Amino acid sequence: MKVITLSNEKGGVGKTTMATHIAAGLAVRGQRVLLIDADAQANATMGFGLEEEPGFYDLLVRHAKWNDVLRLVTPEAYEPPNFRSKGLLAVLPGNGETQLISQKIDNVYAINERLQQLTNNIDIVIFDTSPTPSLLHGAIYIATDAILYPTLCESYSLVGLMKTIGNRNRFSEMRVKSGGSPIELLGIIPTMFREKTVEHSENLRELREEFGDKVWDPLRLRIAWSEASTLRRPVFNVDPKNPASRDAWNVVEHVEKALAYV
């Protein structure tokens, strides 16, 4: 089982959009995927048409059983038209109570311990996180094998990116000291990219100078992303011929390849 976290200490960079599309895409391609909504806004939960509920809170604070809190997503809600999904997609939903988890647990290994119970049932776990750092983020990082960073090519987003990478380094050391592997930098995804602007082009160039091939191809700003979000479905489910669908599949394929080295 591999655990991926999407993170950036700046909101509005596309974390939830990437998390839901990667989760759905990997499920279509045959993986058993669990998407954990670790953001109190519960957008990843709603992104598949599910209702907000305290699944994540119940799991960690009330010690609920996995079977009582997991919600299976019907394949028709995410697979492309006329294509049958080969895997499965489950969501651990969240709601406003998610933000209280850090006040209720004192074991930084709590998430890791619960995830180990799914080793034989789930192939890939994906965390969608909030932009506000907390003790909950620490517990998520301890359970994480690799982090994927969506970011805008704009100054505030890049500042958030660098802070988030710093936190990853700190918790990676903690993982190693406890006998685990380092937290890998899976990749950096420039989102909502506008190639004709000097700011975006220059910041992308600087990102590539700093992180090399860890910076993935930018995802151009396209209205199809927000239209699909409004319908609470992935873009390749709504409009599989749209260029945004091609972009989404490129990200999914990149994740698959990158995970082979984690």
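The largest nonpolar core holds 41 residues. A nonpolar core is a set of buried Ala, Val, Leu, Ile, Met, Phe, Trp, Tyr and Cys residues joined through side-chain atoms within 4.5 Å. Buried means under 20% relative accessible area, exposed over 50%, and partly exposed in between, with a 1.4 Å probe and protein chains only. Ile22, Phe48, Leu89, Ile126, Leu148 and Val255 touch the most other members of this core. A second, separate core has 26 residues, including Val3, Ile105, Ile122 and Leu136. The model is predicted: local features need pLDDT of at least 70 and side-chain atom pairs count only at pLDDT 80 or more, while totals for chains, interfaces and linings use all residues. Residues are numbered from 1 along each chain as its sequence is written, and side-chain values use heavy atoms, with hydrogens and water left out.

Ile22 is in contact with Leu6, Ile126, Leu148, Val251, Val252 and Val255. Thr20 is placed in helix α1. Thr20 counts as buried because its relative accessibility is 9%. The contacts of Thr20 are Leu35, Ala44 and Phe48. Thr151 belongs to strand β6, residues 146–151. Thr151 also counts as buried, because its relative accessibility is 0%. The residues that touch Thr151 are Asn8, Val13, Ser157, Leu158, Leu161, Ile188, Ile189, Pro190, Thr191 and Leu207.

An open sheet is formed by 7 strands in the order β3-β4-β2-β5-β1-β6-β7, with mixed pairing. Its edge strands, β3 (71–72) and β7 (184–190), each pair on one side only. Helices (H or I, at least four residues) and strands (E, at least two) are DSSP runs, numbered from the N terminus. Two strands pair if DSSP finds at least two bridges between them. Strands β3 and β4 (residues 88–92) run antiparallel and are joined by 2 bridges. Arg71 has Val91 of β4 as its bridge partner. Strand β2 (residues 32–38) is mostly covered, with 6 of its 7 residues buried. On one pairing, β2 runs parallel to β4 over 5 bridges. Val33 is bridged to Leu89 in β4. The pairing of β2 with β5 is also parallel, over 6 bridges. Here Ala38 has Thr129 of β5 as its partner.

The largest pocket has a volume of about 660 Å³. On a 1 Å grid over the protein atoms alone, a pocket is an open set of points with protein on both sides within 12 Å along at least five of seven lines, whereas a cavity is a set where a 1.4 Å probe fits but cannot get out; lining residues have an atom within 4 Å of a point. Grid points are joined across faces, edges and corners, and a volume is the space filled by probe spheres set on the points. The pocket lining comprises 33 residues, of which Gly14, Lys15, Thr16, Thr17 and Ser229 lie nearest the centre. Helix α1 gives the most to this lining, with 6 residues. At least two residues each come from α1 (15–28), α2 (43–46), β5 (124–129) and α10 (223–230). The lining divides into 11 nonpolar, 15 polar and 7 charged residues. Ala, Val, Leu, Ile, Met, Phe, Trp, Tyr, Cys and Pro count as nonpolar, Asp, Glu, Lys and Arg as charged, and the others, Gly among them, as polar.

The model has 1 cavity of 30 Å³ or more. Its lining includes Phe56, Trp66 and Arg114, and divides into 8 nonpolar, no polar and 1 charged.

Technical notes:
Contact means heavy atoms within 4.5 Å. Lists of a residue's contacts leave out its neighbours within four places in sequence.
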